[in-house]
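User: Hi! Could you walk me through this structure with me asking questions as we go?
Analyst: Happy to, here it is.

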Amino acid sequence: MRDKRKDVADRQRKEGQLAQVMHRLSRNRVSMTGLVVILILIVLAILSPWIMPYDYTRMDMSNMYATPSWAHPFGCDELGRDIFSRALYGARASLSLGLLATLLSTAIGVVLGSLVGYFGGWVDTILMRVVDVVICIPAMPLYIIIGSIMD
């Protein structure tokens with residue numbers, strides 16, 4: 001038992017943190033499947049300008065409500081626009097927005113955390129009360145209110 005713990009400790013020292021995470025992740029089938037699906041979606045979104053078969057805004061009234069085929073893998077909508085091209089373009093927009101939101105929230109969190117860590121005391125108390133108020137607001141009614149204001 002002691003030798004096994006020592007071997008694990010030696011391996012952890014030799015491997016980097018990313019290698020350890022990938023090793024643990026590779027042992028779980030569901031996690032690996034999810035990782036592969038996410039990577040495929042990211043690659044498709046990045047390469048979408050080159051692999052879109054049609055312009056996502058082009059209307060073709062002869063293909064209104066076209067069912068899925070080799071020419072239109074996801075079919076066409078009520079205006080004859082290719083749904084596959086629109087999905088690829090939407091994936092680009094969604095991933096860009098998600099990345100931007102993540103970077104922005106990380107930057108705000110780092111700045112606020114640094115302020116609280118440096119000043120402490122009353123700054124910490126005020127920021128914690130603001131966070132408590134934000135956490136208390138239920139998400140769905142907030143989304144509805146924001147949606148009605150933006151409309």
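**Around D77**

Analyst: Let's start with D77: leaving aside residues up to four places away in sequence, D77 touches N63, M64, Y65, I83 and R86. One thing to keep in mind is that this is a predicted model.

User: Where does D77 sit?
Analyst: D77 is in the loop between α3 and α4.

User: And is D77 buried or exposed?
Analyst: D77 has a relative accessibility of 11%, and because the cut-off for buried is under 20%, D77 counts as buried.

User: Which side chain does D77 form a salt bridge with?
Analyst: That would be R81: the side chains of D77 and R81 meet in a salt bridge, with an N to O distance of 2.8 Å. Both ends are out of the way, as D77 and R81 are each buried.

User: You mentioned Y65 among the contacts of D77. Where is Y65?
Analyst: Y65 also belongs to the loop between α3 and α4. Its relative accessible area is 59%, so Y65 is exposed.

User: What about the phi of Y65?
Analyst: Phi of Y65 is near 55°, which is a positive value in a residue other than glycine.

User: Back to salt bridges. How many are there in the whole structure?
Analyst: A search of the whole structure finds 3 salt bridges. Besides the pair of D77 and R81, R58 bridges to D60, where the closest N and O atoms are 3.8 Å apart. Then D132 forms a salt bridge with R129, and there the closest N and O atoms are 3.1 Å apart.

User: How far apart are D132 and R129 along helix α5?
Analyst: They are 3 residues apart in helix α5 (residues 121–136), so about one helical turn separates D132 from R129.

User: OK, switching to helix packing. At what angle do α3 and α4 cross?
Analyst: Helix α3 (residues 29–51) and helix α4 (residues 83–119) cross at roughly 125°, and their axes come within 8 Å. That angle makes α3 oblique to α4. The crossing in which α3 passes α4 is left-handed.

User: Which residues meet there?
Analyst: From α3, L41, I42, L44, A45, S48, P49 and I51 meet L88, A91, R92 and L95 of α4. By type, the residues of this contact divide into 9 nonpolar, 1 polar and 1 charged.

User: Tell me about I51, then. What does I51 touch?
Analyst: Not counting residues up to four places away in sequence, I51 touches L44 and L88. I51 and L88 are 37 residues apart along the chain, and their C-alpha atoms are separated by 8.8 Å. I51 is in helix α3 and, at 37% relative accessibility, counts as partly exposed.

User: What about α4 and α5, at what angle do they pack?
Analyst: About 145°, with the axes of α4 and α5 7 Å apart. The contact is made by L112, L115, V116 and F119 of α4 together with G121, V123, D124 and L127 of α5. These residues divide into 6 nonpolar, 1 polar and 1 charged. As for handedness, α4 passes α5 in a left-handed crossing.

User: Last one: how do α2 and α3 pack?
Analyst: Helix α2 (residues 17–26) packs against α3 at an angle of about 110°, with the axes 7 Å apart. The two helices are therefore roughly perpendicular to each other. M22, L25 and S26 of α2 make the contact with S31, M32 and L35 of α3. The residues of that contact divide into 4 nonpolar, 2 polar and no charged.

User: Great, thanks!

Methods
Residues are numbered from 1 along each chain as its sequence is written. This is a predicted model: local features need pLDDT of at least 70, side-chain atom pairs count only at pLDDT 80 or more; totals for chains, interfaces and linings use all residues. Side-chain values use heavy atoms; hydrogens and water are left out. Axes are lines fitted to C-alpha atoms, for helices over the stretch in contact, and angles run from 0 to 180 degrees between N-to-C directions. Helices (H or I, at least four residues) and strands (E, at least two) are DSSP runs, numbered from the N terminus. Angles under 35 degrees count as roughly parallel, over 145 as roughly antiparallel, 65 to 115 as roughly perpendicular and the rest as oblique. A crossing is left-handed if the near helix is turned anticlockwise from the far one by less than a right angle, and right-handed if clockwise. Contact means heavy atoms within 4.5 Å. Ala, Val, Leu, Ile, Met, Phe, Trp, Tyr, Cys and Pro count as nonpolar, Asp, Glu, Lys and Arg as charged, and the others, Gly among them, as polar. A salt bridge is a side-chain nitrogen of Lys or Arg within 4 Å of a carboxyl oxygen of Asp or Glu. Buried means under 20% relative accessible area, exposed over 50%, partly exposed in between (1.4 Å probe, protein chains only).
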